[in-house]
Amino acid sequence: MSTATVTPAAPARAERPVYKVTAARVLRSEWAKFWSLRSSWITLGLALVFILFFGLLRANRYAADVTSGHHMDPDVLGANAVSLSLFGLNFGQLALGVLGVLVTAGEYSTGMIRSTLASVPRRLPVLWSKAAVFGVVALVIGWIGAFAAFAFGSGIVSGTKAALTFSDAGVLRALFMSGLYLALIGVCGVALGSLLRSVAGGIAVLVGILMLVPGLVSLLPTTWQNNVSEYLPSHAGDSMYALHQGANTLSPGMGLLVLAGWTALALGGAAYRLVRSDA
């Protein structure tokens with residue numbers, strides 16, 4: 001008589017929970033990736049140092065020239081505490097713009113972008129999340145640097161013709177606009193990095209737009225300069241946080257619209273390439 005052997009049933013395998021790809025989760029992912037990189041901390045620190053150091057250096061030089069009675073350049077004679085303190089934005093924008101390029105182009109250089117897009121098949125939420133995360137970070141860094149630079153710089157030039165306080169007309173607007181300017185430049189860097197997919201190429205184009213193109217435009221006839229230069233990204237940004245507007249400069253609101261338009265154009269190009277071509 002044979003006996004039947006009973007094989008014990010295999011334990012039921014627990015089903016893995018299904019996670020949906022949502023905008024909030026993509027944002028959290030990009031936030032975590034950004035702060036996990038040492039280069040993010042170092043470059044943000046350099047941006048703050050540039051904004052503070054060069055702004056205070058400019059204010060200190062102005063105060064020293066006023067005290068000693070030295071001859072000052074014509075472009076410094078009409079300076080005020082805002083323009084002196086925010087002089088470091090010219091250097092801080094480069095640090096934040098370069099970091100913006102690294103946020104996107106860095107993933108292409110390491111190949112990590114393939115894993116990112118495999119996790120987010122729709123692709124575009126990755127670009128929007130990177131731009132949003134870095135835009136907010138650059139905005140906060142810009143505000144911290146601008147308000148700190150003015151707080152110390154206004155004390156340095158106190159008692160001179162350039163003296164201003166936070167309560168003076170236009171000062172708070174200029175400081176808030178300076179943060180917006182740096183945020184938009186940072187997002188432009190993110191877009192260029194995604195569009196060109198090259199760290200070197202993105203940085204070269206960014207520096208060329210901010211520094212080389214304005215120099216080339218200055219070689220044009222005066223009538224052409226007046227019609228072209230004010231719509232360049234760097235000049236539109238200058239008009240955003242300038243305390244007083246010149247004859248051939250945009251208003252702060254129009255400068256913001258122009259720079260936002262350039263940023264939207266760069267993001268549109270990056271989005272088109274991200275959707276149309278392989279990583």
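Student: How many aromatic pairs does the count come to?
Tutor: This is a predicted model, in which local features need pLDDT of at least 70, side-chain atom pairs count only at pLDDT 80 or more, and totals for chains, interfaces and linings use all residues. Residues are numbered from 1 along each chain as its sequence is written, and side-chain values use heavy atoms, with hydrogens and water left out. Rings of Phe, Tyr and Trp (its six-membered ring) pair if their centres lie within 6.5 Å; planes under 30 degrees apart count as stacked, over 60 as edge-to-face and the rest as tilted. By this rule the count comes to 13.

Student: What kind of aromatic pair do F54 and F91 form?
Tutor: A pair of aromatic rings is described by the distance of the centres and the angle of the planes. For F54 and F91 the centres are 4.0 Å apart. With 20 degrees between the planes, the pair of F54 and F91 is stacked.

Student: How many residues apart are F54 and F91?
Tutor: F54 belongs to helix α2 and F91 to helix α5 (residues 89-110); helices are DSSP runs of H or I, at least four residues, strands are runs of E, at least two, and both are numbered from the N terminus. The pair links distant parts of the chain, and the separation in residues is 37.

Student: What is the relative accessibility of F91?
Tutor: Buried means under 20% relative accessible area, exposed over 50%, and partly exposed in between (1.4 Å probe, protein chains only). F54, at 21%, counts as partly exposed. F91 also falls in the partly exposed class, because its relative accessibility is 30%.

Student: Which type of pair do the rings of F87 and F91 make?
Tutor: F87 is partly exposed, at a relative accessible area of 26%. The ring centres of F87 and F91 are 5.9 Å apart. Their planes stand at 65 degrees, so the pair is edge-to-face.

Student: How far from the ring centre of F87 is the charged end of R58?
Tutor: A charge sits over a ring if NZ of Lys or CZ of Arg is within 6 Å of the ring centre and within 35 degrees of the ring normal. The charged end of R58 sits over the ring of F87, at a distance from its centre of 4.6 Å.

Student: At what angle do helix α1 and helix α2 pack?
Tutor: Axes are lines fitted to C-alpha atoms, for helices over the stretch in contact, and angles run from 0 to 180 degrees between N-to-C directions. The axes of α1 (residues 23-36) and α2 (residues 38-68) are 5 Å apart, and the angle is about 70 degrees.

Student: Which word describes α1 relative to α2?
Tutor: Angles under 35 degrees count as roughly parallel, over 145 as roughly antiparallel, 65 to 115 as roughly perpendicular and the rest as oblique. The angle here is about 70 degrees. That makes the orientation of α1 to α2 roughly perpendicular.

Student: Where is R123?
Tutor: R123 has a phi near 70 degrees, a positive value in a residue other than glycine. It counts as buried because its relative accessibility is 18%. R123 lies in the loop between α6 (112-119) and α7.

Student: What is the relative accessibility of R197?
Tutor: R197 has a positive phi of about 60 degrees although it is not a glycine. Its place is the loop between α8 (171-196) and α9 (199-217). R197 counts as buried because its relative accessibility is 15%.

Student: How far apart in space are V101 and L192, C-alpha to C-alpha?
Tutor: V101 is in helix α5 and is buried, with a relative accessible area of 0%. Leaving out residues up to four places away in sequence, V101 touches several residues, including G189, V190 and G193. V101 and L192 are 91 residues apart in sequence, and their C-alpha distance is 6.3 Å.

Methods
Contact means heavy atoms within 4.5 Å.
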